Amino acid sequence: MMSKAVANSLTALRGNIDEIDHQIVSLLARRNDQVKQVMALKKEHRLPALHPAREEDLISNRRGQAIAGDLDPDYVEELFRCILRESRKKQTVQISRKAVRPGATVLLVGASGGMGCYFEKWLSNAGYHVRGMGRNDWNDIEALCSGIDLAIISVPIDTTVPVIERISPHLPPDCVLADLTSIKTAPMAAMLASHSGPVIGLHPLFGPTTSTMDKQIVAVTPGRRNSDCRWVVDQFAAWGAVLVETSPGEHDEIMAIVQSLRHFATFSFGRFLHSKKTNLQRSLEFSSPIYRLELGMVGRLFAQDAGLYAEIIFASPERLSLLKEYISSLSEDLEILEKGDKAAFKSQFRKIAEWFGPFSEQAMRESSFLIDKLIERF
């Protein structure tokens, strides 16, 4: 049984902790007031919400302060990254309501699709005049294109080039023509060939369920009259996106790995589990956190639209060739297993590990962070 003196001491200490917690919340509220003032200043001067160097300096300083205060610096860093992310989200939402080019008119071709609806909301909230166009609106093409400053093509991959070729003759000479397709070589060539005005390729590497563009990647492929396209790029930056400039060829080569190969490998794994009638829930009871994480990514794929992933995987003959190479590589790996050649396996393992180099250590840190978060939740 706890003595009265100990109970009183615990009550007093808990009261002190409650008071400190109240102070922490009050300090966060004060910090939020300062963030609002920063937001107003950035919005007035059209400055981006994200300032990576400033954030990393802040994190480094807080880690040093944690060590001096006998606190775990990783714990303090995680706390402040959460605070900073919430701050960025609020800034991005506020800044997104201001257009980089006020009064501009934007035509969204494919406005009823997932990404079309997504960008219609963001552009409208920023104050742009947005017109939507669907497959049944070609009879009104002259009126829809009249006086527009930007035309964005957001249609399935297999219809992108025909749509570009069909709409380009109706665009004003100085209208910026852009596409949001996940391949770039063919759409860029079509835009340059069929429209004499400014051209830019865009590929948002996120889906329409994304609540914020904070730190989301957007690939940018310059086409023609880059200075006239600058306001479009600046608008994405104002929304918090990270812009990666690339050529159409480099983009498609990397996306074949990042998207097509990765999604196909995930599809194949899920298909195999299905064919084996694996008891997923039972397997999770025996699983390590890394298996749960991997299975979560497989399940995530099959929770989304089949048509979208078919478009990505079947996008080009080059992607088919890459997938054939991947399957051929698996056959070579199978030969090592059939021969029971552990020495060959270890030799290949070491070569690949050497090729991965320092990234392996980074991957270990990042995956460990994700695993720890998964353990906290489950």
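This is a predicted model: local features need pLDDT of at least 70, side-chain atom pairs count only at pLDDT 80 or more; totals for chains, interfaces and linings use all residues.
Residue numbers start from 1 along each chain as its sequence is written. Local features need pLDDT of at least 70, side-chain atom pairs count only at pLDDT 80 or more, totals for chains, interfaces and linings use all residues, and side-chain values use heavy atoms, leaving out hydrogens and water.

**View A. Helix α9 packs against helix α12.** Residues 248-275 form α9 and residues 306-313 form α12 (helices are DSSP runs of H or I, at least four residues, numbered from the N terminus). Their axes lie 8 Å apart at an angle of about 120° (axes are lines fitted to C-alpha atoms over the stretch in contact, with angles from 0 to 180 degrees between N-to-C directions). That makes α9 oblique to α12, since angles under 35 degrees count as roughly parallel, over 145 as roughly antiparallel, 65 to 115 as roughly perpendicular and the rest as oblique.

**View B. Here are the residues where α9 meets α12.** From α9 come Q259, S260, H263 and F264, which meet Y309, I312 and I313 of α12 (contact means heavy atoms within 4.5 Å). By class, this contact of α9 with α12 has four nonpolar, three polar and no charged residues (Ala, Val, Leu, Ile, Met, Phe, Trp, Tyr, Cys and Pro count as nonpolar, Asp, Glu, Lys and Arg as charged, and the others, Gly among them, as polar).

**View C. α15 gives the most to the lining of the second largest pocket, with 14 residues.** The lining has 15 nonpolar, four polar and 17 charged residues.

Technical notes: Helices (H or I, at least four residues) and strands (E, at least two) are DSSP runs, numbered from the N terminus.
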